[in-house]
Amino acid sequence: MAVRKILYASDPKLRQKAKKVKVFGPQLKKLANDMIETMHEANGVGLAGPQIGVMQRIFVAEIPEEEDNPLSGKPWVMINPEIVKRTVEMEEGQEGCLSIPGWVGLVNRHYGVEIKARTVSGKPIKMKVTGFLARVFQHEYDHLDGILFVDHISDPEKLWRLDAEEEDDDDVYVFEEIESLTA
Ligand SMILES: [Zn+2]
């Protein structure tokens, strides 16, 4: 296993659509393991192929263990995922991104989704997820289509730096910088 380099949001690869995975085999298993290791090392809850420059429809996700949630506390590898159902109910919640370090924002997402994918061995799976894991799945799924969480935020009040030491003006400036990435 190896930790891969995570691309910053300004990298054009993060704006491209990833292609379907066609070959399931040892290479894909190695990629999935590298992605899990990279996500753990960066203390993230998800990582998508394009974030390490791999333009394939694969993401990994793992949220901290939650009581009564058997889907939490373990890594998920989703290959060629498709969100097939979304709850009408939306929920606003905090998000960050390993490609936009130091920034968090409030993003409105579907409270629950049903997702179809293949496992790393090519087995079809279907999962119903809600809450934080559903949020992470939607965030990572977006990466496969070149969408970043900041694209969902139009109100600058809803995006801020983790270290709140910065001057307000500076924050606005950097927000504009991020905005220009989303054009
Ligand atoms: Zn992200």
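Which residue in S7 does Gly-112 stand opposite? In this predicted model, Gly-112 faces Thr-130 of strand S7, and the two residues belong to a pair of strands, S6 (residues 112–118) and S7, that run in the antiparallel sense and are joined over seven bridges.

This pair is part of an open sheet of five strands, arranged in the order S1-S2-S3-S6-S7 with antiparallel pairing. The edges of the sheet are formed by strand S1 (46–48) and strand S7 (124–130), each of which pairs on one side only, and from one strand to the next the twist averages 40°. In general, the strands of a sheet pair through backbone hydrogen bonds, in either a parallel or an antiparallel manner.

Two helices lie across the sheet. Helix H1 (residues 26–41) lies across S1, strand S2 (58–61) and strand S3 (76–86), and its direction makes an angle of about 40° with S2. Helix H2 (residues 131–143), by contrast, lies across S1, S2, S3, S6 and S7, running at about 125° to S7.

Helix H2 also contains His-139 and His-143, which are four residues apart, or about one turn of the helix, and both of these histidines are buried.

Conventions
Residues are numbered from 1 along each chain as its sequence is written. This is a predicted model: local features need pLDDT of at least 70, side-chain atom pairs count only at pLDDT 80 or more; totals for chains, interfaces and linings use all residues. Side-chain values use heavy atoms; hydrogens and water are left out. Two strands pair if DSSP finds at least two bridges between them. Axes are lines fitted to C-alpha atoms, for helices over the stretch in contact, and angles run from 0 to 180 degrees between N-to-C directions. Contact means heavy atoms within 4.5 Å. Buried means under 20% relative accessible area, exposed over 50%, partly exposed in between (1.4 Å probe, protein chains only).
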